[in-house]
Amino acid sequence: MSYMLSAQLAAMALNVEAGSVNGNALIYAPGTASANALGFATVNAVMAEANTALGLDGSTPSGDPNRALQEALKNALDKANNNLNFLQAGPCAPYTAATAH
């Protein structure tokens, strides 16, 4: 798990560094310590938590007690890297169904 977390952390760090992702943006990150009561955390907070988790345990095979946290961090970063879990600033535009004639 630590290897996949490392890969997702590196990808997100590059996204933030390149300016493609705002580090202060909120992502859905349930199961992480940095998440609020609704499960959201900033990208920067999740990256910092992932960095700390990897520094404390660089190998988390099956059965490792730190694996669950690393998996939650990996999942949050993976979804963010694929633009799937960002909190939107406002509601989506109204949807109008097109009618076929």
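Select α3 first: the cover over its buried residues includes α1, β1 (26–28) and α2. Helices (H or I, at least four residues) and strands (E, at least two) are DSSP runs, numbered from the N terminus. Buried means under 20% relative accessible area, with a 1.4 Å probe and protein chains only. This is a predicted model: local features need pLDDT of at least 70, side-chain atom pairs count only at pLDDT 80 or more, and totals for chains, interfaces and linings use all residues. Residues are numbered from 1 along each chain as its sequence is written, and side-chain values use heavy atoms, leaving out hydrogens and water.

**Stop 1: α3.** Colour its buried residues: Gln70, Ala72, Leu73, Lys74, Ala76, Leu77 and Ala80. Next, check the helix length. Step past the helix to asparagine 83, which follows α3 and has a positive phi, near 55 degrees.

**Stop 2: α1 against α3.** Show both helices. Their axes (lines fitted to C-alpha atoms over the stretch in contact) are 9 Å apart. The packing angle is about 40 degrees, on a scale from 0 to 180 degrees between N-to-C directions. Now select the contact (heavy atoms within 4.5 Å). α1 brings Ser2, Met4, Leu5, Gln8, Leu9, Ala11, Met12 and Asn15. α3 brings Gln70, Leu73, Lys74, Leu77, Asp78, Ala80 and Asn81.

**Stop 3: α1 against α2.** From α1, select Ser2, Leu5, Ser6, Leu9, Met12, Ala13 and Val16. From α2, select Val43, Asn44, Met47, Ala50, Asn51 and Leu54.

**Stop 4: the core.** A nonpolar core is a set of buried Ala, Val, Leu, Ile, Met, Phe, Trp, Tyr and Cys residues joined through side-chain atoms within 4.5 Å. Which members of the largest core touch the most other members? Of its 17 residues, these are Met12, Val46 and Leu77. The elements giving two or more residues to this core are α1 (2–17), α2 (43–56) and α3 (67–81). The largest share, six residues, comes from α2.

**Last stop: leucine 77.** Centre the view on leucine 77. Leaving aside neighbours within four places in sequence, leucine 77 is in contact with Leu5, Gln8, Leu9, Met12, Val46, Met47 and Ala50.

How values were computed
Buried < 20%, exposed > 50% of the residue type's maximum accessible area, 1.4 Å probe, protein only.
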